[in-house]
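Take a moment with the sequence and the fold below.

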Amino acid sequence: MVVKKIAVLFSGSGSNLEKILENVHGKTFETCKIEVACLICNKKDAYGIQRAKKYGLDTTIVSHTDFSSRENFDRKIVNIIKDSEVDLVVLAGFMRILTPEFTKNVNAINLHPSLLPLFKGANAIINSYNSTMKVGGISVHYVSEELDGGEIIAQECFQKDGMSLEEFEEKIHNLEYKLLPKTIVDILDR
Ligand code: GRF
(Lines give C-alpha, C1' and ligand atoms only; values in the text may rest on other atoms or scores of the structure.)
Protein backbone atom coordinates (compact mmCIF):
# COMPACT_ATOMS: atom_id res chain seq x y z
CA MET A 1 0.00 0.00 0.00
CA VAL A 2 1.31 3.42 -1.00
CA VAL A 3 1.83 5.81 1.91
CA LYS A 4 1.12 9.47 1.17
CA LYS A 5 2.52 12.02 3.57
CA ILE A 6 1.13 15.41 4.52
CA ALA A 7 2.43 18.40 6.44
CA VAL A 8 0.01 20.45 8.52
CA LEU A 9 0.78 24.06 9.44
CA PHE A 10 -1.21 25.82 12.17
CA SER A 11 -1.01 28.81 14.50
CA GLY A 12 -3.57 28.37 17.24
CA SER A 13 -6.18 26.09 18.70
CA GLY A 14 -5.65 23.37 16.11
CA SER A 15 -9.20 22.02 16.18
CA ASN A 16 -8.99 21.38 12.43
CA LEU A 17 -5.63 19.70 12.92
CA GLU A 18 -7.28 17.42 15.45
CA LYS A 19 -9.95 16.40 12.93
CA ILE A 20 -7.21 15.55 10.43
CA LEU A 21 -5.43 13.47 13.07
CA GLU A 22 -8.69 11.75 14.01
CA ASN A 23 -10.00 11.01 10.52
CA VAL A 24 -7.05 10.93 8.14
CA HIS A 25 -3.76 10.27 9.96
CA GLY A 26 -2.70 6.62 9.84
CA LYS A 27 -5.90 5.67 8.02
CA THR A 28 -6.06 3.49 4.94
CA PHE A 29 -8.20 4.61 2.01
CA GLU A 30 -8.90 2.94 -1.36
CA THR A 31 -5.48 3.50 -2.92
CA CYS A 32 -3.24 4.74 -0.14
CA LYS A 33 -2.55 5.22 3.52
CA ILE A 34 -2.17 8.85 4.63
CA GLU A 35 0.19 9.97 7.37
CA VAL A 36 0.82 13.33 8.98
CA ALA A 37 4.60 13.43 8.66
CA CYS A 38 5.34 17.05 9.50
CA LEU A 39 3.76 19.59 11.84
CA ILE A 40 4.83 23.21 11.89
CA CYS A 41 3.53 25.99 14.14
CA ASN A 42 4.65 29.61 14.38
CA LYS A 43 3.42 30.13 17.98
CA LYS A 44 5.10 28.26 20.82
CA ASP A 45 2.01 28.32 23.07
CA ALA A 46 -0.52 27.19 20.45
CA TYR A 47 -2.95 24.62 21.84
CA GLY A 48 -2.66 22.56 18.66
CA ILE A 49 0.80 21.46 19.86
CA GLN A 50 -0.88 19.65 22.79
CA ARG A 51 -3.49 18.10 20.52
CA ALA A 52 -0.71 16.66 18.33
CA LYS A 53 1.08 15.24 21.38
CA LYS A 54 -1.99 13.11 22.15
CA TYR A 55 -1.29 11.40 18.83
CA GLY A 56 2.39 11.02 19.63
CA LEU A 57 3.37 13.73 17.17
CA ASP A 58 5.90 16.50 17.77
CA THR A 59 5.48 19.94 16.26
CA THR A 60 8.36 21.97 14.90
CA ILE A 61 8.02 25.51 16.20
CA VAL A 62 9.26 28.21 13.88
CA SER A 63 8.53 31.58 15.42
CA HIS A 64 8.08 34.28 12.79
CA THR A 65 9.42 36.82 15.28
CA ASP A 66 12.87 35.20 14.95
CA PHE A 67 13.12 36.23 11.30
CA SER A 68 13.96 39.61 9.82
CA SER A 69 11.64 39.21 6.83
CA ARG A 70 8.63 37.20 5.66
CA GLU A 71 10.83 35.70 2.94
CA ASN A 72 13.38 34.37 5.46
CA PHE A 73 10.63 32.84 7.59
CA ASP A 74 9.05 31.23 4.53
CA ARG A 75 12.44 29.90 3.34
CA LYS A 76 12.95 28.17 6.68
CA ILE A 77 9.50 26.58 6.55
CA VAL A 78 9.95 25.45 2.96
CA ASN A 79 13.25 23.77 3.91
CA ILE A 80 11.57 21.83 6.73
CA ILE A 81 8.73 20.81 4.40
CA LYS A 82 11.14 19.71 1.64
CA ASP A 83 13.12 17.62 4.14
CA SER A 84 9.95 15.80 5.18
CA GLU A 85 9.18 14.81 1.56
CA VAL A 86 5.43 15.24 1.86
CA ASP A 87 2.91 14.91 -0.97
CA LEU A 88 0.71 17.78 0.20
CA VAL A 89 0.88 20.70 2.62
CA VAL A 90 -2.27 21.66 4.52
CA LEU A 91 -2.71 25.09 6.08
CA ALA A 92 -5.20 24.62 8.92
CA GLY A 93 -5.49 27.95 10.67
CA PHE A 94 -1.96 29.05 9.74
CA MET A 95 -2.23 32.78 10.25
CA ARG A 96 0.62 34.05 8.12
CA ILE A 97 0.70 35.94 4.84
CA LEU A 98 2.91 33.84 2.58
CA THR A 99 5.43 35.13 0.06
CA PRO A 100 6.42 33.61 -3.30
CA GLU A 101 9.27 31.89 -1.40
CA PHE A 102 6.53 29.64 -0.07
CA THR A 103 3.85 29.70 -2.78
CA LYS A 104 6.26 28.93 -5.65
CA ASN A 105 7.93 26.04 -3.84
CA VAL A 106 5.15 24.18 -2.07
CA ASN A 107 1.90 22.51 -3.16
CA ALA A 108 -0.44 23.66 -0.41
CA ILE A 109 -4.16 23.91 0.31
CA ASN A 110 -5.80 26.32 2.74
CA LEU A 111 -9.02 26.31 4.71
CA HIS A 112 -10.93 29.60 4.73
CA PRO A 113 -14.14 30.37 6.65
CA SER A 114 -16.08 32.10 3.85
CA LEU A 115 -17.44 31.45 0.41
CA LEU A 116 -14.45 32.67 -1.58
CA PRO A 117 -13.85 34.85 -3.51
CA LEU A 118 -15.94 36.78 -0.99
CA PHE A 119 -14.57 37.86 2.38
CA LYS A 120 -10.87 37.19 1.97
CA GLY A 121 -8.49 37.89 4.83
CA ALA A 122 -8.49 37.67 8.59
CA ASN A 123 -12.04 38.83 9.43
CA ALA A 124 -13.94 36.50 7.15
CA ILE A 125 -16.41 35.18 9.71
CA ILE A 126 -17.59 38.50 11.07
CA ASN A 127 -17.63 40.11 7.63
CA SER A 128 -19.72 37.36 6.10
CA TYR A 129 -22.03 37.28 9.13
CA ASN A 130 -22.61 41.04 8.85
CA SER A 131 -23.09 41.00 5.08
CA THR A 132 -26.51 41.11 3.42
CA MET A 133 -25.97 37.63 2.00
CA LYS A 134 -28.50 34.95 2.89
CA VAL A 135 -25.84 32.23 3.12
CA GLY A 136 -22.51 31.71 4.85
CA GLY A 137 -19.95 29.12 3.91
CA ILE A 138 -16.42 27.78 3.81
CA SER A 139 -13.81 27.07 1.15
CA VAL A 140 -10.76 24.90 0.64
CA HIS A 141 -8.46 26.30 -2.03
CA TYR A 142 -4.98 25.92 -3.42
CA VAL A 143 -2.51 28.42 -2.02
CA SER A 144 -1.29 31.01 -4.52
CA GLU A 145 0.53 34.31 -4.31
CA GLU A 146 -2.76 36.13 -3.82
CA LEU A 147 -4.07 35.92 -0.24
CA ASP A 148 -7.02 33.48 -0.19
CA GLY A 149 -7.02 33.75 -3.98
CA GLY A 150 -5.91 30.37 -5.34
CA GLU A 151 -8.07 27.90 -7.24
CA ILE A 152 -11.10 26.80 -5.23
CA ILE A 153 -11.21 23.03 -4.63
CA ALA A 154 -14.30 22.56 -2.47
CA GLN A 155 -16.98 24.66 -0.78
CA GLU A 156 -19.96 24.20 1.51
CA CYS A 157 -22.67 26.71 2.35
CA PHE A 158 -25.70 27.06 4.57
CA GLN A 159 -28.67 29.36 5.13
CA LYS A 160 -28.01 32.05 7.75
CA ASP A 161 -31.66 32.46 8.73
CA GLY A 162 -31.86 34.04 12.18
CA MET A 163 -28.55 32.69 13.47
CA SER A 164 -26.64 34.49 16.21
CA LEU A 165 -22.95 35.14 15.54
CA GLU A 166 -22.07 32.27 17.90
CA GLU A 167 -24.37 29.86 16.02
CA PHE A 168 -22.96 31.08 12.70
CA GLU A 169 -19.38 30.45 13.87
CA GLU A 170 -20.26 27.03 15.22
CA LYS A 171 -21.89 26.06 11.93
CA ILE A 172 -18.79 27.18 10.04
CA HIS A 173 -16.45 25.18 12.27
CA ASN A 174 -18.60 22.05 12.08
CA LEU A 175 -18.57 22.23 8.27
CA GLU A 176 -14.80 22.81 8.29
CA TYR A 177 -14.22 19.71 10.43
CA LYS A 178 -15.75 17.57 7.69
CA LEU A 179 -14.69 19.36 4.51
CA LEU A 180 -10.96 19.71 5.15
CA PRO A 181 -10.31 16.01 5.94
CA LYS A 182 -12.54 14.98 3.01
CA THR A 183 -10.69 17.27 0.60
CA ILE A 184 -7.30 15.94 1.71
CA VAL A 185 -8.47 12.39 1.00
CA ASP A 186 -10.04 13.41 -2.34
CA ILE A 187 -6.74 14.94 -3.47
CA LEU A 188 -4.47 12.11 -2.35
CA ASP A 189 -6.56 8.96 -2.73
CA ARG A 190 -6.46 8.64 -6.51
C1 GRF B 1 -10.55 28.08 10.99
O2 GRF B 1 -11.79 28.70 11.14
C3 GRF B 1 -10.01 28.36 9.62
O4 GRF B 1 -10.99 28.51 8.64
C5 GRF B 1 -9.27 29.66 9.79
O6 GRF B 1 -8.70 29.57 11.09
C7 GRF B 1 -9.50 28.72 11.90
C8 GRF B 1 -8.58 27.70 12.53
O9 GRF B 1 -9.10 27.12 13.69
N10 GRF B 1 -8.31 29.85 8.74
P11 GRF B 1 -8.32 25.95 14.43
O12 GRF B 1 -6.94 26.44 14.85
O13 GRF B 1 -8.21 24.79 13.48
O14 GRF B 1 -9.14 25.59 15.64
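Helices and strands here are DSSP runs, numbered from the N terminus. The model is a predicted one. With those labels, Glu 85 falls in the loop between helix H3 (70-84) and strand E5 (88-91).

Now go to strand E7, residues 135-142. Of its 8 residues, 7 are buried, so E7 is largely enclosed by the rest of the structure. Which strands pair with E7? Strand E6 (residues 108-112) joins E7 through 4 bridges, and the two run antiparallel. Ile 109 has Tyr 142 in E7 as its bridge partner. Strand E8 (residues 152-159) also pairs with E7 in the antiparallel sense, over 7 bridges. There, Gly 137 has Cys 157 in E8 as its bridge partner.

Next, look at Asn 110. This residue sits in strand E6. Asn 110 is buried, because its relative accessible area is 10% and the cut-off for buried is under 20%. Among the residues it touches are Leu 91, Ser 139 and Asp 148. The side chains of Asn 110 and Asp 148 are joined by a polar contact of 3.3 Å.

Asp 148 lies in the loop between E7 and E8. It counts as buried too, at 9% relative accessibility.

Now for the backbone. Most residues other than glycine have a negative phi, and most peptide bonds are trans. Asp 148 has a positive phi of about 55 degrees. Glu 85 has a positive phi as well, about 50 degrees. Is Glu 85 buried or exposed? Its relative accessible area is 61%, so Glu 85 is exposed. Finally, the peptide bond from Leu 116 to Pro 117 is cis, with omega near 10 degrees. Pro 117 belongs to the loop between E6 and helix H5 (124-130).

Key: Residues are numbered from 1 along each chain as its sequence is written. This is a predicted model: local features need pLDDT of at least 70, side-chain atom pairs count only at pLDDT 80 or more; totals for chains, interfaces and linings use all residues. Side-chain values use heavy atoms; hydrogens and water are left out. Buried means under 20% relative accessible area, exposed over 50%, partly exposed in between (1.4 Å probe, protein chains only). Two strands pair if DSSP finds at least two bridges between them. A polar contact is a pair of N or O atoms within 3.5 Å; within protein, one must be able to donate a hydrogen and the other to accept it, and residues adjacent in sequence count only if both atoms are side-chain atoms. Contact means heavy atoms within 4.5 Å. Lists of a residue's contacts leave out its neighbours within four places in sequence.
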